[in-house]
Amino acid sequence: MRKINIFDTTLRDGEQSAGVNLNLHEKLEIARQLERLGVDIIEAGFPAASKGDFQAVQAIAQTVRNCSVTGLSRSVQSDIDAAWEALKDGAEPRLHVFIATSPIHMQYKLRMTPEQVIETAVESVRYAKKYFPIVQWSAEDACRSDLPFLATIIEKVIEAGANVINIPDTVGYITPKQYGDIFSFLKKNVRNIEKISLSAHCHDDLGMAVANSLAAIEAGATQIEGTINGIGERAGNAAIEEVAVALYIRKDYYQAETRLNLQEIKRTSNLVSKLTGMIVPPNKAIVGKNAFAHESGIHQDGVLKEKTTYEIISPQLVGVQSNSMVLGKHSGRHAFRTRIQELGYSLTEEEVNRLFVRFKDLADKKKDITDDDLIALILDERLDTYKNFYQLCSIQVQYGTNQIPTAVVVLKDGEGNDVQEAATGAGSVEALYNALEKALQLPVTLLDYRIESVGSGRDALAQVYVKVSLDGKEASGRGTAQDVLEASAKAYIHAVNRMFVIEKMREEQALAAQ
Ligand SMILES: [Zn+2]
């Protein structure tokens, strides 16, 4: 069996998805879960891009011990210096440095000749090797590059010390056969290719990211880059869970394996979906709600007689729990704390106590508390780090089919003053949001509103995602509560508070740059 390394870029390429912006705590939460999933490398961000990115990469490098943490860097010394500062405390510091190699990118974007590109690439790898034990070099837009040129530049960067060579299909243009052929060509035409490992990075613009990644493995790639749930720039990246399960289920064919703990897949997918607000489609392979649901009578009959008639993947393999009822009204603090630990969260005593109060409160209203409910509670509590901005104190909404929906809200502003406002609207949520907008005295525009239930049953928790804009800037937020209106109000305030945090960070950056 060949070993395939999994390079997760959920926190870098994934975070580039339109409308996604994760804060430090959310990134750390995802990094810890990726570590439990067993990815080999976590690309934590682009340290030179912003102060927030730098801090997140540094915190992740300092926290994660069981995988290598890397950061992206352009081929300039200041980017490499920033990356080293952020990554040096990691278990295995690694740099991911890139430069474009396609004629289109070299001519229009870089405005450099091919010779200048080679020189810059070699210089940056040499410079990076002074600090980093492992340097990965990427040829941006490799798939639209001239192959002999690609072979030449790769040979030169290997000479300069690169350890991993990545061949990204940056624009999602390649087909599986062609992608495999590029790897075969490089294996044949790059003299020192045996010294390094080859990596694939695919985008899903034509829906072929996973197929292309698997074709690369067949042609000799030993590292696959991708994201959880396939999120990422434009149509997204190769979905790591799909690549890993395909290799596992079809090991007879691929003869390759990853070190992923497949049972953590479902939990990782849920976490990433919750924190990014990117909902997983029900028909999505491996992690979609319907991925293991047999609907046709003939199929159901077959599965009841013998599972393998229609089921090639068992839900348990990827951690889908058929029976996830865990705690209830009579569960004590000890059972509660133990379950949280089993779910992989390490909370302080104070956090456990605060959560336990909320858990008891929920258990009074909801009979069975599932793992999903617990995780929703934990995330809601832990990620509510904006207490110094607006705080929701209370809401009251009146609705009747023959009445004008009316909402009253009470907020605490940044200085601790109570602000109370009332408003009407065409519906309950609109009335609520109109009242909140009045209380905030900000021209907030609602761009997106989505509601989901955590688990099933009529007493399930409601989870609301919103995207808002203010003065042309966007932020997303989410809220969890048993009532849909309370969850809606929390999500709105969460988004507005995040907007202020992002703004504050930008101001600090601007000051630092002066
Ligand atoms: Zn990419």
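Tutor: Let's start with accessibility: buried means under 20% relative accessible area, exposed means over 50%, and partly exposed is in between (1.4 Å probe, protein chains only). Y449, with a relative accessible area of 27%, is therefore partly exposed. This is a predicted model, where local features need pLDDT of at least 70 and side-chain atom pairs count only at pLDDT 80 or more, while totals for chains, interfaces and linings use all residues. Residues are numbered from 1 along each chain as its sequence is written, and side-chain values use heavy atoms, leaving out hydrogens and water.

Student: Which ring does Y449 pair with, and how do I read an aromatic pair?

Tutor: Two things describe a pair of aromatic rings: the distance of the centres and the angle of the planes. Rings of Phe, Tyr and Trp (its six-membered ring) pair if their centres lie within 6.5 Å; planes under 30 degrees apart are stacked, over 60 edge-to-face, and the rest tilted. Y449 pairs edge-to-face with Y433, at 6.2 Å centre to centre and 70° between the planes. Y433 lies in helix α16 (residues 428-440) and Y449 in strand β16 (residues 445-454), so the pair ties together parts 16 residues apart in sequence. Helices (H or I, at least four residues) and strands (E, at least two) are DSSP runs, numbered from the N terminus.

Student: Is Y433 buried or exposed?

Tutor: Y433 counts as buried, at 6% relative accessibility.

Student: How many aromatic pairs does the structure hold?

Tutor: There are 10 aromatic pairs. One of them is W84 with F132, edge-to-face at 5.0 Å centre to centre and 80° between the planes. Both W84 and F132 are buried. Ring pairs also link W84, Y127, Y131 and F132 into a cluster.
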